[in-house]
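Thanks for coming. Please have the viewer open while I talk.

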Amino acid sequence: DGEVHINELKNGNAEMFWNPTSEVRRQRLKRHIVLFEEQTDFESERLWQHVTSAINKGDQQKATQEKFVLEEEQRNAARERRENGTEWKPLLFRHDATTNEWHYKYEDLRPWDPLNDIAQFEKNGILQTMERHLSTGMSNHKTTCINNQITRHKRSAKDCRRRKTSDQPSNHSQNTESSCSTPESVQELSDDDGKYLGFESLCAQCGKEMNHLKEIHSAVLSLQRAQQDIHR
């Protein structure tokens with residue numbers, strides 16, 4: 001949170017390495033923590049409060065002493081559980097017997113999505129992500145457009161059948177393809193079905209927004225692949 005300098009011992013020059021300006025602070029994700037008075041005895045901030053206090057005061061001897069007391073209490077508690085045959089069941093972590101490692105039960109390794117993810121917060125020890133759900137409005141608009149197109153299409157097919165019924169058949173009409181060639185029933189449409197029904201685009205707004213979303217989606221996929229590579 002403070003300025004960090006690189007000091008060159010040979011010539012005494014100092015170079016600014018990191019400066020958390022107000023602009024940098026504004027860009028940070030908001031930190032959500034449980035109030036101290038609401039924390040249980042085994043939550044880190046409460047459990048290590050005396051060690052933290054000594055470190056903040058610059059008293060390394062006191063910090064070391066408090067750390068020893070804390071760890072000794074934990075060793076004694078573990079010894080008592082073994083003697084009593086009591087199994088320790090962590091609330092938020094699980095043990096992987098294959099790797100002999102502990103993992104957070106609710107870990108989310110999904111890359112952060114800057115377009116949809118707003119903030120991460122903790123609730124009852126569980127990390128959760130607040131999301132925007134950007135696609136909801138677009139999805140509703142697209143569904144409305146499709147339904148409107150289907151309604152018009154069915155009405156057109158119905159009128160066409162009515163005309164065919166009222167017309168007198170002739171040899172010529174039997175040997176030529178009817179101008180009313182639309183299907184009499186319309187199945188549920190997929191994203192590309194509109195083209196086969198003659199709808200090159202659902203509407204101007206849909207086409208514009210879909211193209212924009214495709215560009216954004218392509219950029220996000222590229223970022224996600226890079227983040228996954230870094231994680232591996």
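I will go through the hairpins, then a helix pair, then a pocket.

This is a predicted model, where local features need pLDDT of at least 70, side-chain atom pairs count only at pLDDT 80 or more, and totals for chains, interfaces and linings use all residues. Residues are numbered from 1 along each chain as its sequence is written, and side-chain values use heavy atoms, with hydrogens and water left out.

Helices (H or I, at least four residues) and strands (E, at least two) are DSSP runs, numbered from the N terminus. Two strands pair if DSSP finds at least two bridges between them.

Start with strand 1 (residues 4–7) and strand 2 (residues 14–18), which pair in the antiparallel sense over four bridges. Asn-7 has Ala-14 of strand 2 as its bridge partner. Six residues lie between these strands in the hairpin, and Gly-12 in the turn has a positive phi of about 80°.

Next, strand 3 (residues 93–96) pairs with strand 4 in the antiparallel sense, over four bridges. Asp-96 is opposite Glu-101 in strand 4. This hairpin has four residues between its strands, with Asn-100 in the turn at a positive phi of about 60°.

Then strand 5 (residues 117–123) and strand 6 (residues 126–131): antiparallel again, over six bridges. Gln-120 is bridged to Thr-129 in strand 6. Two residues separate the strands in the hairpin, where Asn-124 takes a positive phi near 55°.

Now the helix pair. The axes of helix 3 (residues 49–56) and helix 4 come within 8 Å and cross at roughly 170°; axes here are lines fitted to C-alpha atoms, for helices over the stretch in contact, with angles from 0 to 180 degrees between N-to-C directions. Helix 3 is therefore roughly antiparallel to helix 4, a label used for angles over 145 degrees.

Which residues of helix 3 meet helix 4? They are His-50, Val-51, Ala-54 and Ile-55, against Lys-62, Ala-63, Glu-66 and Lys-67 in helix 4, with contact meaning heavy atoms within 4.5 Å. By class, that contact has four nonpolar, one polar and three charged residues. Ala, Val, Leu, Ile, Met, Phe, Trp, Tyr, Cys and Pro count as nonpolar, Asp, Glu, Lys and Arg as charged, and the others, Gly among them, as polar.

Last, the largest pocket, with a volume of about 1200 Å³. On a 1 Å grid over the protein atoms alone, a pocket is an open set of points where a 1.4 Å probe fits, with protein on both sides within 12 Å along at least five of seven lines; lining residues have an atom within 4 Å of a point. Grid points are joined across faces, edges and corners, and the volume is the space filled by probe spheres set on them. Of the 28 lining residues, Phe-42, Glu-43, Ser-44, Leu-92 and Phe-93 are the closest to the centre. Helix 4 gives the most to the lining, four residues.

Key. Parallel < 35°, antiparallel > 145°, perpendicular 65-115°, else oblique.
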